[in-house]
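Hi,

Here is the structure I promised to pass on.

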Amino acid sequence: MASKTMRPVLDTRALNRATLARQLLLTRAEMSAQDATQHLLGLQAQNVKPPYFQLHARLAGFRPAELAGLMESRQVVRMVTMRSTIHTHTVHDALTLRPLVQPARDREINYFRKGLVGVDLDKLAERARAFVEAEPRTMAEIREELLKEWPAADPQSLSVAARCRLPLVQVTPRGVWGKSGQVRLTTLSEWVGGGEGEGREEGAGIDDVVLRYLGAFGPASVKDMQTWAGLTRLREAFERLRPGLEVFQDENGVELFDLPDGPRPDADQPAPPRFLPEFDNLLLSHADRSRVIAPELKGSTWSGNQAHCTLLVDGFLAGLWKLGGGPDGGQGGGTGGGTLTVELFSAVSKAGKAEIVAEGEALLAAMGDSAGEGPGGGSVRFGSIRG
C-alpha cells in the first residue's frame, strides 16, 4: 500500500542491511540455538536439515548437536504454522503462533469441502485427537482411522482436516540431526504438556507477534507480514501500534513500519558471504523480496518444483550451492562432506571468490558430515549444479 504522506525513504540497500542485521546475517551472533530460534520466530523446516544450516549461517560456534538436543528434550518442535508449512519453533512460539494462524487453517479446509460432505469436523477433530494422543501416528494411519467413521469421504480431505483442526507436531527422531524416522504425529499438548494457547488474549497476542516480526524481518509493510504469516487483515494491528513505531517508505512509496530501536546499519556496511539452505525464511517472508533478490533473479532459486540452496554475496542473492552428491544438497539424505559446489549468477572478483571459499570451508568443517556423526571436511569448487 503506497503511502499518502512523505516519510523518510529507505532504499533497497538500506532495507537489505537492516533485514540482514535482524536475521543475524551481518555478523554471527553469540546466541544459543534456542534463543535464536525464538528471535527468528521459527526456522523453516520443510526438509529435516535446513534448520541446522540456518543456524550455522547465523550463530558463532553453532554445532548441529545443540539443536538436535533441543528437539530430543522437546524444547523445540516441528509443526505446521506460518504459510501452512512446517517450521521448527520453541514451545512458547508453537503455543503462540499456532492459534494465531488457525483462521488460515480453517480456510484451507474449505478447499477440501467437496471431499468432506457429511463429515462433522468437530467430531473428526475429537476422534483424531484421541487416536494420535494414544500414540504418535503416521498420516496414513490417521486417514485409515477416520475412514472407519466416514467411509464415503475423500481420504486426503480427511487427513487435511485433521492437520488443520489440530496442532500436530512431528515427534522425534524425525528432525534430529544424524537420525532418521518416519513422520509420526501427536498433538502439541500431548508432546510438551500443558494447554494449547491457554489464556491467550487474541488482540494482545497479534500485537506482540507484529512487534516480534519487525524485530526479525523489519522494516516491513503490512503486506510483508501477511506474506510471512499466510494471514490477511493485519492492518488493524499495525494501526494500533503505529504511535509507538517508526514509519518509513520504500522507493516505490510503500509504507514501512519498524521498531524505534530496530538496527538500521549504514547501507555500505560490509555483508560477508552466507550459505543459506533451501526455504530459508529470509527469502520467503516479504511480499517485496527485492531487498534480497534482484528483480532479474526472481525464480532463479527453483528448478521445476525443486528449491535450491542459496548463496548471499554482499547481502544479496548471488548464486546456488550443493553439498556432496545428494540431489538435495546433502541436507536430506545426500552423502555430505566431499565437495561443496557453488554456481554463481554473475562474475565475482578474485577476493570475493576467496571469501566465498573461506565461508564454504567453514560450513564443510562444521556441517559437512551429513550423517551427523562429527565434523566434516572437503573442498569448495565453482561450477553448475543444475546440469
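Below is what I found, from the whole chain down to one residue.

This is a predicted model, so local features need pLDDT of at least 70 and side-chain atom pairs count only at pLDDT 80 or more, while totals for chains, interfaces and linings use all residues. Residues are numbered from 1 along each chain as its sequence is written, and side-chain values use heavy atoms, with hydrogens and water left out.

The protein has 14 helices and 14 strands (DSSP runs, H or I of at least four residues for helices and E of at least two for strands, numbered from the N terminus). Its C-alpha trace spans about 65 × 55 × 35 Å along the principal axes. Of the 387 residues, 53% are buried, meaning under 20% relative accessible area with a 1.4 Å probe, protein chains only.

The axes of α3 (residues 50-58) and α4 (residues 64-72) come within 9 Å and cross at roughly 130° (lines fitted to C-alpha atoms over the stretch in contact, with angles from 0 to 180 degrees between N-to-C directions). Pro51, Tyr52 and Leu55 of α3 meet Pro64, Leu67, Ala68 and Met71 of α4, where contact means heavy atoms within 4.5 Å.

Finally, Thr90 sits in strand β3 (residues 86-90). Thr90 counts as buried because its relative accessibility is 2%. Leaving aside residues up to four places away in sequence, Thr90 touches Gln34, Thr37, Gln38, Gln75 and Val76.

Best wishes

Key. Buried means under 20% relative accessible area, exposed over 50%, partly exposed in between (1.4 Å probe, protein chains only).
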